[in-house]
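Please look at the sequence and the model below, and then read on for a careful walk through some of the features.

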Amino acid sequence: MTREEKKSIIESLTEKFKETPHFYIADASGFNVAQVNAFRRLCYEKGVEYRVYKNTFIKKALENLDTDFTELEGTLKGFSGVIFATETASLPAKVLKEYRKKAGSKETRPVFKGASIDSDIFIGEANLDVLSSLKSKEELLGEVIGLLQSPAKNVISALSSGQDTLAGLVKTLSERES
């Protein structure tokens, strides 16, 4: 590979990191062709992109960004693939867990190395469960709206049920006086 080709790959990877707010680094070493294809297919079906790059390319592309990714660069040893997610931060973690589940209970690959979620860094396999349980922005907004609507619904319900009670009480009192 020529120096120009390497430079081109690093530039395109840098742009990909700039465009993508969430990315994960995983190690899929030891996979045969069928396993890699199955993992790529699952990524494609779920709407994330999985690409394998040399560690030096990933490191240089991360260095070209404004954010400090030195902590994440420590994970760049061995085989590394990058999973890009444009919308939902938890989706790559869910894909990793789903692939492992489909592959069998003893499968621990692809190994989660690290992730950047809106420039927050997560390192190590222990964070995979936390990342897979993250809610999307739409889910959080829905919960907040539901919480805000709940008190208003309770007040309206109490007022409308009280109206029936008051009307019944007035009617009973008027019938008594007669």
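Asp 118 lies in the loop between β4 and β5 (120–123), where helices (H or I, at least four residues) and strands (E, at least two) are DSSP runs numbered from the N terminus. The phi of Asp 118 is near 50°, a positive value in a residue other than glycine. Ser 119, which is placed in the loop between β4 and β5 as well, has a positive phi of about 75° although it is not a glycine. This is a predicted model, in which local features need pLDDT of at least 70 and side-chain atom pairs count only at pLDDT 80 or more, while totals for chains, interfaces and linings use all residues. Residues are numbered from 1 along each chain as its sequence is written, and side-chain values use heavy atoms, with hydrogens and water left out.

Another loop, the one between α5 (91–103) and β4 (111–117), holds Pro 110. A cis peptide bond joins Arg 109 and Pro 110, with omega about -5°.

Asp 118 also belongs to the lining of the largest pocket, where it is one of the residues that lie nearest the centre, together with His 22, Glu 87, Ala 89 and Lys 137. A pocket here is an open set of points on a 1 Å grid over the protein atoms alone, where a 1.4 Å probe fits, with protein on both sides within 12 Å along at least five of seven lines, and lining residues have an atom within 4 Å of a point. The lining has 15 residues, and the largest share of them, 3 residues, comes from helix α7 (residues 137–177). About 260 Å³ of space lies in this pocket, a volume being the space filled by probe spheres set on grid points that are joined across faces, edges and corners.

| Helix pair | Angle | Axes apart |
|---|---|---|
| α1 (residues 3–19) and α3 (residues 55–63) | about 55° | 8 Å |
| α2 (residues 33–46) and α5 | about 140° | 10 Å |

Axes are lines fitted to C-alpha atoms, for helices over the stretch in contact, and angles run from 0 to 180 degrees between N-to-C directions. Angles under 35 degrees count as roughly parallel, over 145 as roughly antiparallel, 65 to 115 as roughly perpendicular and the rest as oblique, so α1 and α3 are oblique to each other, and α2 and α5 are therefore oblique to each other.
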